[in-house]
Amino acid sequence: MKKLVVLLCAVSLLACGGCAREKAKQGVVLTVWETYNTEERALFLSLVQEFQQANPGIAVEAVSIPFDGLEPKILTALATNTAPDIGRVDVGFLPKVAIRGALMALDQYGVEAAKPNLRPVALSSCMIEGRTYGLPDQVNGLCLFYNKEMFAKAGLDPAKPPATWEEFVACARKLTDKQAGVYGFGMRNSLWWSLPFIYSFGGDILTRDKKCALADDGSVAGFQFKADLYSKYGIEGGAWRAGGVRDDMGFQSRKYAMVFNGPWAVKGLEQGGIDFGVALVPSGPAGYATNVGGNNLVVFSTCKHPAEASRFLMFLTSKEAQARWANELGQIPVNMLAEDLIDFTKHPYLKTFMEQMKYAKPRPQTGSYPEIENALNPEMQAALDGKKSVKEAMESGCKLVTEILGEEEDLEASLKR
Amino acid sequence: MKERRLDSAVWRPRRVKLLKTLGLYAVLVCAALVVLFPVVWMLLTAFKQPGHEFDPEIIPRSPTLQNFRRVFAEFGFLRYFGNSTIVAVAAGVLATLIATLAAYAFSFKSFVLKNKIFAVLVASMMVPGLMYVVPQFAIVQKLGWMNTYRAMIVPHLANVFGLFLLKQYMDTVPRSLVDAAKIDGANDFQIYGRIIVPLALPVIATLFLLTFQFHWSNFLWQLIVTNKESLYTVPVGLAMFKQAHEELYTLKMAASAVSIVPISVIFVLAQRYFIEGMTRGAVKE
């Protein structure tokens with residue numbers, strides 16, 4: 001799959017340009033490739049209906065694409081100039097296509113007016129070098145989920161989740177019962193899932209001048225703490241190991257008392273009858289912090305009706321539309337004005353999720369984020385396994401990152417020429 | 001005392017044999033368990049309540065059919081199955097037909113540069129299939145075939161592996177048989193239809209199964225040439241169950257369980273041919 005993506009990228013470079021698309025229907029038809037889940041899709045289609053009624057002459061044609069199939073599909077489409085008008089892309093994927101000239105900057109189509117009300121951390125993932133390459137569709141970050149029942153059983157106050165990493169370790173020790181196979185915490189290995197640790201210890205992925213910062217003191221300390229949870233403190237159940245019980249599944253089956261997770265997990269846990277609470281990720285030397293994930297809506301550069309497409313995107317990020325995402329599906333609204341319209345009694349966790357986003361730190365806007373993640377993950381795995389020291393792992397990871405960034409720079413330079 | 005020793009001496013080889021057999025069976029049972037586990041897990045999960053797919057119990061506590069119902073009612077799998085059947089059957093039949101005709105030509109006819117052309121074709125098998133994706137997509141798109149069954153079927157009809165498999169087999173058919181038919185006045189199509197095809201039936205059946213299975217489980221190509229849910233095939237439909245943060249395992253397993261039915265049925269029906277076909281042509285006599 002990775003080879004394919006590289007190949008498609010290469011071809012798409014050669015072929016991004018104007019496109020001829022036949023439009024049989026009258027008026028403007030906007031094609032949208034979306035990756036929503038079932039319930040999100042239902043809401044999206046109802047919003048599309050609403051938009052079409054308010055904007056006669058603009059029809060929106062939504063095509064649902066499997067989440068994992070979107071990237072190869074978009075890259076193939078770009079290679080042959082058959083991209084849709086609008087796409088819903090992961091925040092980590094946006095820079096990759098934007099830098100390659102496949103996305104349209106929307107600044108001249110009136111999105112300026114919508115921007116001040118959008119959550120800054122979400123909007124920043126659409127911005128590259130001061131230009132707006134889309135509008136946020138969904139934003140989230142990891143929070144701490146904890147099992148209240150297990151807290152009570154261990155003699156802890158279910159209303160008082162740990163607020164600092166020290167409290168977290170103390171708490172988890174009480175929750176761990178190795179004989180019974182129960183652990184205080186279950187975690188996942190990957191760069192993205194390690195970011196809350198790295199950020200809260202003052203680390204980062206890249207420095208301000210775009211050099212790898214993962215071997216710097218803050219990052220190393222953050223990841224060292226994560227590794228210690230398993231090897232030194234023994235409060236983590238090895239969820240990240242091959243063959244281990246994954247964090248979310250272990251939380252579901254009451255094997256791990258605490259895990260990181262996001263708004264998307266709420267429904268499944270409620271269905272599974274878990275009595276859980278949501279708290280901010282504990283604070284470290286650098287205070288509270290978490291990572292950012294989500295999706296953005298983008299307009300491809302081959303779109304013939306960018307003004308109409310922008311209008312549709314602004315409609316989707318409007319106060320009213322975003323209030324529906326929050327009230328009906330419990331998601332964090334990307335429009336901050338929508339907060340006044342939210343019924344928090346129905347979505348008790350939403351306040352914490354929104355509070356957590358205040359401490360969320362976006363990833364660097366590099367076209368190579370997925371490659372950076374792929375380079376780091378095996379190194380991090382080796383460090384967790386104890387095969388390498390954290391410092392060694394991060395240093396060799398950084399070497400790879402520097403290479404990746406160099407290639408990316410060369411590519412960007414050649415694209416600008 | 002003496003007798004006893006004799007007795008045990010008589011029993012020893014039998015006992016060793018028994019132990020050997022037991023050992024062999026133990027290994028086979030283990031291997032079977034490894035192979036069957038995912039299938040059994042899939043079937044059991046298909047009957048579990050959503051959210052309980054990773055509960056410790058293996059047998060679902062309160063089995064339900066709602067996963068199957070939802071797969072067909074809410075996720076349109078009937079349509080996806082229809083599409084997959086059309087594509088896999090059409091592609092399987094056509095690709096096999098073309099491969100047998102081509103193999104006949106390469107095996108029994110002589111024409112200019114025959115061996116060189118064959119070598120080039122076989123060499124093309126060395127190119128990784130993914131290399132063809134973008135050019136094929138560009139061609140399909142230029143032909144205006146996007147969102148059609150044609151787009152899913154036609155690009156994979158030329159099956160060099162099938163040609164190779166069949167030609168190697170046809171080369172083993174005694175030339176005298178063909179010569180005798182010619183003397184009796186049979187033309188090429190009669191030789192092909194009355195002699196070669198019946199003889200090569202096991203290999204042909206194998207090839208049909210392989211191409212059917214390839215198209216039944218092909219994901220990437222079907223994904224990129226269709227932009228309409230009404231044209232999605234089963235693998236693309238199955239991928240829809242993996243969403244941004246969650247995977248709907250119970251539904252996915254229910255749909256997967258149904259999706260293996262056609263292949264299993266065909267395999268069981270054609271098993272005899274299938275096994276025979278794979279070994280045919282392995283040795284050239």
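Mentor: A residue is buried if 20 or more other C-beta atoms, placed from the backbone, lie within 10 Å of its own, exposed if 12 or fewer, and partly exposed in between. This is a predicted model, in which local features need pLDDT of at least 70, side-chain atom pairs count only at pLDDT 80 or more, and totals for chains, interfaces and linings use all residues. Residues are numbered from 1 along each chain as its sequence is written, while chains are lettered from A and ligands numbered from 1 in the order in which they are written.

Trainee: What makes β11(A) a strand that is mostly covered?

Mentor: Strands are DSSP runs of E with at least two residues, and helices are runs of H or I with at least four, numbered from the N terminus. Strand β11 of chain A spans residues 293-299, and seven of its seven residues are buried. A:G293, A:N295, A:L297 and A:V299 point one way and A:G294, A:N296 and A:V298 the other way, all of them buried.

Trainee: How do you know that β3 of chain A pairs with β11(A)?

Mentor: Pairing requires that DSSP find at least two bridges between two strands. Five bridges join β3 (residues 86-90) to β11(A), so these antiparallel strands pair. One bridge partner is A:L297, for A:R88. Strand β6 (residues 135-140) of chain A is also antiparallel to β11(A), with five bridges; there, A:P136 has A:N296 as its partner.

Trainee: Why is the set of 181 residues called a nonpolar core?

Mentor: It is so called because a nonpolar core is a set of buried Ala, Val, Leu, Ile, Met, Phe, Trp, Tyr and Cys residues joined through C-beta atoms within 7 Å. The largest such core has 181 residues, and A:F145 and B:L166 have the most contacts inside it. Helix α9 (residues 188-217) of chain B gives the most, with 13 residues.
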